[in-house]
Amino acid sequence: MSDLTPTRTADLVDVRGLVKTFPQRNAWGRTTGTTRAVDGIDLTIRRGETLALVGESGSGKSTLGRCILQMDEPTSGTVTYEGVDLTALPRAKRAPYHRSMQVIFQDPFSSLNPHRTALQNVMEPLTVLAPDSDPRPRAIEALAAVGIDGDAVNRRPRAFSGGQRQRIVIARAIAVRPGFVVCDEPLSALDMSIQAQVTDLLLRLQRELELTYLFISHDLSVVREIATRTAVMNRGRIVELGPTAEVFASPHHPYTRHLLDAALSTDPAQARRRLERISARPEPVGLEPDGTALAEVTPGHFVLR
Ligand SMILES: Nc1ncnc2c1ncn2[C@@H]1O[C@H](COP(=O)(O)OP(=O)(O)OP(=O)(O)O)[C@@H](O)[C@H]1O
Ligand SMILES: [Mg+2]
């Protein structure tokens with residue numbers, strides 16, 4: 001079997017001992033130390049699930065997502081996708097995985113080329129990643145799947161509302177027929193009224209296209225609604241991981257409790273402000289990640305001890 005032949009395993013993504021450090025610089029650009037943005041993570045993502053990644057700002061969620069996608073080169077550790085260790089693959093052999101692993105970012109404006117139409121934006125990755133087939137029908141099909149059709153496909157991004165722009169970004173991600181999508185705060189730039197529609201769209205596409213999601217979010221009410229399992233990150237570590245209902249109903253780690261207390265107020269806008277205020281504090285006192293390994297407290301529910 002060649003190293004590019006996918007094996008169908010229950011676990012789609014397997015992360016082992018992942019570390020990502022960045023040089024820390026002062027205002028003059030001098031290196032003053034290193035930030036361990038991801039600090040030794042073991043994680044599996046199961047085929048077809050939505051795994052939510054939650055934690056305060058700066059806890060390393062996006063960096064973990066980027067390392068899994070190979071958009072950031074991990075400092076050490078491995079990322080295995082469909083049984084293939086991506087970190088051991090030469091860059092030239094990574095192309096199929098760049099197609100199969102997609103990302104949806106928070107800000108649809110900066111994700112889209114403002115000078116190209118919706119259709120051209122969606123065709124672009126198809127041209128690069130599937131050069132042998134005509135990108136046009138697939139781009140039109142993907143746009144229709146997110147509710148953008150007819151003449152609208154020939155409009156530029158600024159002619160659309162924020163929600164529609166995010167739909168174009170989603171169309172671009174699914175047009176290449178990925179298996180795995182990192183959704184990095186896909187709703188947080190959208191109006192509350194639009195968030196539910198885009199959430200429904202993501203769930204429908206997941207069912208229809210058998211997608212697996214890593215869903216990064218500050219919005220714990222959405223996470224509670226849609227995630228199969230939830231992983232809680234603090235300062236580069238996963239401190240708790242388990243079935244979503246269980247993590248929310250009986251959080252074990254003090255940091256998870258702190259996060260839930262802050263976030264699950266009745267007013268989501270207020271909850272978000274509170275979470276952002278907490279995020280602004282550099283070091284939550286007394287909430288140090290206190291352990292070295294994840295211990296299984298009930299089946300499938302792990303806590304850093
Ligand atoms: N390219 C980079 N260069 C230097 N430091 C970085 C870089 N990217 C991230 N970091 C640092 O790594 C840490 C984790 O950042 P990351 O963006 O992954 O956090 P996050 O959990 O996604 O936060 P947010 O919720 O605000 O998006 C932070 O201290 C951040 O400053
Ligand atoms: Mg982030």
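Q: Which residues surround ligand 1?
A: A residue is near a molecule if one of its heavy atoms lies within 4 Å of it. In this predicted model, ligand 1 is surrounded by Phe22, Thr35, Ala37, Glu56, Ser57, Gly58, Ser59, Gly60, Lys61, Ser62, Thr63 and His218. Local features here need pLDDT of at least 70 and side-chain atom pairs count only at pLDDT 80 or more, while totals for chains, interfaces and linings use all residues, and side-chain values use heavy atoms, with hydrogens and water left out. Residues are numbered from 1 along each chain as its sequence is written, and chains are lettered from A and ligands numbered from 1 in the order in which they are written.

Q: How far is an oxygen atom of ligand 1 from an N or O atom in the side chain of Ser57?
A: A polar contact is a pair of N or O atoms within 3.5 Å. For the side chain of Ser57, the distance to an oxygen atom of ligand 1 is 2.4 Å, and for the side chain of Ser62 it is 2.8 Å. Gly58 takes part through a backbone N or O atom, which lies 2.8 Å from an oxygen atom of the ligand.

Q: At what angle do helix α5 and helix α6 pack?
A: Helices are DSSP runs (H or I, at least four residues), numbered from the N terminus, and the angle, which runs from 0 to 180 degrees, is taken between the N-to-C directions of axes fitted to C-alpha atoms over the stretch in contact. Angles under 35 degrees count as roughly parallel, over 145 as roughly antiparallel, 65 to 115 as roughly perpendicular and the rest as oblique. Helix α5 (residues 135-145) and helix α6 (residues 162-175) pack at about 130 degrees, with their axes 8 Å apart, and they are therefore oblique to each other.

Q: Which residues of α5 and α6 meet?
A: Contact means heavy atoms within 4.5 Å. On the α5 side these are Arg138, Ala142, Leu143 and Ala145, which meet Ile168, Ala171, Ile174 and Ala175 in α6.

Q: How do α6 and helix α7 pack?
A: Helix α7 covers residues 192-209, and its axis lies 10 Å from that of α6, at an angle of about 15 degrees. That makes α6 roughly parallel to α7. Among the residues that make this contact are Ile170 and Ile174 of α6 and Leu201, Leu202 and Leu205 of α7.

Q: At roughly what angle do the axes of helix α4 and α5 cross?
A: The axes of α4 (residues 118-129) and α5 come within 9 Å and cross at roughly 125 degrees, and the two helices are therefore oblique to each other. The contact includes Leu119, Val122 and Leu126 of α4, together with Arg138, Ala142 and Leu143 of α5.

Terms used. A polar contact is a pair of N or O atoms within 3.5 Å; within protein, one must be able to donate a hydrogen and the other to accept it, and residues adjacent in sequence count only if both atoms are side-chain atoms.
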